[in-house]
Amino acid sequence: MRAAGIQGEVARNDQTGELKALVRDPSAFQSGTSRGKISANPMGVAYKVEQFSGIRTTADISGGQFYWATPTMSCTMGFNVRQPATNVYGVSTAGHCPNSPARVQLSQTYSSVEPAINFVGEWYSLDIQWGYLVNGSGGVNWVIKPQVWNGIVNFNVTGGVSEYPGMTVCKYGKTTKITCGQVDPYAYSDSYGEFSRVNANSSYPKQSELGDSGGPVYQGGLAVGMVHGKDTAGNMYFSPIRKWAPAGVNINVICVC
């Protein structure tokens, strides 16, 4: 085929042994066989011809990436999620961040192409929203992974866990990066709803800052919640994922379970 100037590959069915001629231009392939430029049976066995534009490598994307909502507001992506009813995969962030489409600036070097997020839905009382990633120019497909970027490495999400008083959790956000602290015994409310607090400490006097909204809160590989806000004392407030199901949130955090 290559000698005849036909771009193509051969695929084999491992179960049946059947072969396919995968060519960019089936009509050119067929005319080549009819004119004798290509053997009418080039593979020595029966085969099918299928139009095939080639395999394009995909770029992986994890949770915890930077999420530039508007030129004046930036947030952080939380977790990679899936809507069970539709099997649509996407990413979560804070509900108070502007609805997409918005540009995602990847905090790791995957590709020169930057995807955008198409808004799907939000839950005001939990301050969460989600959307699916739209291919950027160049046709790059963004593969949703059950992982979170914590500023150093991608780690696998292995499930979710409910927070409790005194529990040590960490978060990753665009501005303050990794911070860790203990969950406060009390829950705090604002105009959005009720949120858990992580107290500032000597190691992390600022648990959260502008731009961290939506960032993942986790303990090891377990998802705990997403960043909601901060106060002047440096404490961080987050929306626990334990409230997602009771509130009718129809997305699940993707995990290696």
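Strands β10 (116–123) and β11 (residues 128–134) run antiparallel and are joined by 7 bridges, where two strands are said to pair if DSSP finds at least two bridges between them. Helices (H or I, at least four residues) and strands (E, at least two) are DSSP runs, numbered from the N terminus. The model is a predicted one, in which local features need pLDDT of at least 70 and side-chain atom pairs count only at pLDDT 80 or more, while totals for chains, interfaces and linings use all residues. Residues are numbered from 1 along each chain as its sequence is written, and side-chain values use heavy atoms, with hydrogens and water left out.

Most residues other than glycine have a negative phi. D127 is also buried, with a relative accessible area of 2%, where buried means under 20% relative accessible area, exposed means over 50%, and partly exposed means in between (1.4 Å probe, protein chains only).

Further along β11 lies Y132, which is partly exposed, with a relative accessible area of 34%. Together with V88 and V120, Y132 forms a nonpolar patch on the surface, and the accessible area of the three together is about 210 Å². Accessible areas come from the Shrake-Rupley method with a 1.4 Å probe, and for residues only the protein chains shown count as cover. Patches are made of residues with over 30% relative accessible area and no salt bridge, like charges being joined within 9 Å and nonpolar side chains (Val, Leu, Ile, Met, Phe, Trp, Tyr) within 5 Å. A salt bridge, in turn, is a side-chain nitrogen of Lys or Arg within 4 Å of a carboxyl oxygen of Asp or Glu.

A second hairpin is made by β15 and β16, with 3 residues between them. How many of the 6 residues of β15 are buried? The number is 5, so β15 is largely enclosed by the rest of the structure.

The cysteines come next. A disulfide is a covalent bond between the sulfur atoms of two cysteines, and here a disulfide is counted as a pair of cysteine sulfur atoms within 2.5 Å. The structure holds 3 disulfides, and when the bonded cysteines of the protein chain are numbered in sequence order, the pairing is 1-2, 3-4, 5-6.

One of these disulfides joins C170 and C180, with sulfur atoms 2.0 Å apart.

Another disulfide is formed by C75 and C97, whose sulfur atoms are 2.0 Å apart. Because C75 lies in strand β6 (residues 73–76) and C97 in the loop between β8 (88–94) and β9 (102–103), the pair ties together parts that are 22 residues apart in sequence. The torsion about the S-S bond of C75 and C97 is about -110°, so the disulfide is left-handed, and both C75 and C97 are buried.

The remaining disulfide, that of C255 and C257, has its sulfur atoms 1.6 Å apart, and with -85° about the S-S bond the link is left-handed. Are these two cysteines buried or exposed? C257 is exposed, with a relative accessible area of 79%, whereas C255 is partly exposed, with a relative accessible area of 24%.
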